[in-house]
Amino acid sequence: MPKVYARRRLSILAALTGVMASVGLFNGPTASAALPTPVSAATARTYLASLTVATEDRTGYSRSLFPTWITISGTCNTREYILKRDGTNVVTDSSCAATSGSWYSPYDGATWTAASDLDIDHLVPLAEAWDSGASQWTTSERQAFANDITRPQLLAVTDNVNQSKGDQDPATWMPSRTAYRCTYVRAWVQVKYYYDLSVDSAEKSALQSYLASC
């Protein structure tokens, strides 16, 4: 996919994210809506074949270059939106903080009843995105990526599992719950394809292997 189209698409996404946040177009997610369904394994294989293979370069990376979390609607920011979306019977206070509910972490199969036990995972980590093309984006484009509630990029998961994942790609880290791995790699490839991000050789090989068994 020509980069000019991907850049144009990303710029539009950044603009729309800002507009939706400012006018509050979101009325809040449906409880237990879960991760947006990724593309099929067949489509993911096609997308993966088209991605540029390149060596990663983390020079200059800082998490602060990817602003999080932005306001999505009213007093609700991206984290609170995803907690509401991914939880069951989630109750929030006037500041949109989750005061009760239940959350199932698909990475490890754990269930939690305290929002503090959950992180919002960037399925494609911010540092990974930087390494594979986001270093060339504007701050508004990186903000759109870091707060993307439309693609299968943000997911509420057990906090220490997310921390153990860190910035690793599928060549070195995968969810311990094997039943979720197909969903994970399909989502990973979809996000990389949408944002015109590259893959390194080990990452591509791992993705090909997992997708072959989906």
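Predicted model: local features only at pLDDT ≥ 70, side-chain atom pairs only at ≥ 80, totals over all residues.

Trainee: Why is T158 called buried?

Mentor: Buried means under 20% relative accessible area. T158 comes in at 1%, so the label applies. T158 sits in strand β7.

Trainee: What does T158 touch, leaving out residues up to four places away in sequence?

Mentor: S105, D108, A110, W112, D117, L118 and D119. Each counts as a contact because heavy atoms lie within 4.5 Å.

Trainee: What makes a set of residues a nonpolar core?

Mentor: The members are buried residues of types such as Phe, Tyr and Leu, joined through side-chain atoms within 4.5 Å. The largest one here has 34 residues, and F66, Y107, L123, F145, Y184, Y195 and L207 touch the most other members. Elements giving two or more residues to this core include α2 (41–50), β7 (154–158) and α8 (201–212). α7 gives the most, with seven residues.

Trainee: And which residues does Y107 touch, again leaving out those up to four places away?

Mentor: Among them are L123, L155, V157, W173 and Y184. There's also a second, separate core of 13 residues, including I70, Y81, A115 and I149.

Trainee: How much of the protein chain counts as buried?

Mentor: Of its 214 residues, 47%. As for contacts between residues at least 6 apart in sequence, 76% join residues at least 24 apart. The secondary structure comes to eight helices and seven strands.

Notes
Residues numbered from 1 in each chain as written. Heavy atoms only, no water. Helix = DSSP H or I, 4+ residues; strand = E, 2+ residues; numbered from the N terminus. Buried < 20%, exposed > 50% of the residue type's maximum accessible area, 1.4 Å probe, protein only.
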